Amino acid sequence: MKIALFGYGKMGKMIEQIALNRNHTIVAKVDVDTVDIDFSEMDVAIDFSMPSAAYGNITKCFEHGVPVICGTTGWLDKYDEAVALCKAKNGAFIYASNFSLGVNVFFELNRYLATMMKNLDQYKVSMEEIHHTQKLDEPSGTAITLAEGIIDNTEYKGWKLEEAGDTEIPITSKRVGATPGTHSIDYSSTVDSIEIKHTAHNREGFALGAVTAAEWIVGKTGIFTMKDVLNLG
Ligand SMILES: NC(=O)C1=CN([C@@H]2O[C@H](COP(=O)(O)OP(=O)(O)OC[C@H]3O[C@@H](n4cnc5c(N)ncnc54)[C@H](OP(=O)(O)O)[C@@H]3O)[C@@H](O)[C@H]2O)C=CC1
Ligand SMILES: O=C(O)C1=N[C@H](C(=O)O)C[C@H](O)C1
């Protein structure tokens, strides 16, 4: 498969390694300075760039009929527009706030736990995410997906960084050293707490998930999620 990398930073480099190990070819490494992009040689594009760059990269790919896997976070105010363009162009698109198998299992666990906690008013939920100090967005995209999983299954109406109202999930974002990504959800009452936590040990899981999604999407048309890609049983 001929893969174009939009964003060749920490994730782009890790994705390149995994893609080459799986016998794919990297046909382009696009960054902010790239002017001549040959879309005709790409089977699929993988975007791990920057919040300010993702939408522009994705829409250029749709204009040229190239399927897109996007892991960039912090640009979701434009997600609906990207989806509309993809549909108009009969393209193919997967955005995931987190491509790792472990986090996608964690997403399901979070939703299930939320349904169990829904009527237990004595427990208050809170969330914490910890990432490396170079991360541009907060809270993390993964934390937002986790919050949405709770909101969909409980009476919570929204989320907020730090101080939150009664119907909002408080999220604490910490930036510590080179932390690849840690997310925990805590339900606390006056007598006990229940906590679930996912800890990434490195970036490999994110990169492998993105390459797996790229392999899966080629030849398809539509808007998909990692739930479509992964067989979680
Ligand atoms: N969904 C998931 O599973 C995961 C998502 N992420 C997300 O992926 C994104 C990238 O993360 P990471 O690799 O760690 O970040 P890095 O900062 O290491 O890499 C981002 C790269 O994008 C480049 N860039 C800047 N502008 C553009 C542009 N217009 N087009 C293409 N590339 C551009 C930057 O170049 P320069 O440095 O020259 O500006 C940099 O090399 C983040 O949004 C992060 O949150 C990260 C891990 C997992
Ligand atoms: O910026 C990162 O590094 C990560 N970003 C994603 C997010 O915002 O959730 C996924 C992962 O946690 C690493």
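**Entry 1: ligand 1.** I began with the shell around ligand 1, where helix α1 (residues 10-21) gives the most, with three residues. The model I am reading is a predicted one. I found 25 residues surrounding ligand 1, and the closest are Gly-7, Gly-9, Met-11, Ala-53 and Gly-71. I then sorted this shell by class and got twelve nonpolar, eleven polar and two charged residues.

**Entry 2: ligand 2.** Which residues are around ligand 2? I listed Thr-73, Ser-97, Asn-98, His-131, Lys-135, Ser-140, Gly-141, Thr-142 and Gly-181. By class, the shell around ligand 2 has eight polar residues and one charged, with no nonpolar ones.

Entry 3: I noted the bounds from the domain assignment: domain 1 is 2-99 + 204-229, and domain 2 is 101-199. Taken over C-alpha atoms, the centres of domain 1 and domain 2 are 27 Å apart. Their contact takes nine residues from domain 1 and eleven residues from domain 2. On the domain 1 side of that contact I counted three nonpolar and six polar residues, and no charged ones.

Entry 4: I checked the UniProt entry, which is unreviewed, and it lists residues 102-230 as "domain: Dihydrodipicolinate reductase C-terminal". In the model, the end C-alpha atoms of residues 102-230 lie 11 Å apart. The span 102-230 is 36% helix and 29% strand.

**Entry 5: a helix pair.** Next I looked at helix α2 (residues 54-63) and helix α3 (residues 79-88), which pack with their axes 9 Å apart and at an angle of about 10°. That angle makes α2 roughly parallel to α3. Which residues of α2 and α3 meet? From α2 I wrote down Tyr-55, Ile-58, Thr-59 and Phe-62, and from α3 Ala-82, Leu-85 and Cys-86. The contact of α2 with α3 has six nonpolar residues, one polar and no charged ones.

Entry 6: Asn-23 has a positive phi of about 65° although it is not a glycine. I placed Asn-23 in the loop between α1 and β2 (25-30). Is the peptide bond from Glu-138 to Pro-139 cis or trans? I read it as cis, with omega near -5°. Pro-139 has its place in the loop between β6 (124-131) and α5 (141-153).

Methods. Residues are numbered from 1 along each chain as its sequence is written. Chains are lettered from A and ligands numbered from 1 in the order in which they are written. This is a predicted model: local features need pLDDT of at least 70, side-chain atom pairs count only at pLDDT 80 or more; totals for chains, interfaces and linings use all residues. UniProt positions are given in the numbering used here, feature names are shortened, and annotations may be inferred rather than shown by experiment. Helices (H or I, at least four residues) and strands (E, at least two) are DSSP runs, numbered from the N terminus. Axes are lines fitted to C-alpha atoms, for helices over the stretch in contact, and angles run from 0 to 180 degrees between N-to-C directions. Angles under 35 degrees count as roughly parallel, over 145 as roughly antiparallel, 65 to 115 as roughly perpendicular and the rest as oblique. Two residues are in contact if their C-beta atoms, placed from the backbone, lie within 7 Å. Ala, Val, Leu, Ile, Met, Phe, Trp, Tyr, Cys and Pro count as nonpolar, Asp, Glu, Lys and Arg as charged, and the others, Gly among them, as polar. A residue is near a molecule or strand if its C-beta atom, placed from the backbone, lies within 6 Å of it. Domain bounds come from an automatic or database domain assignment.
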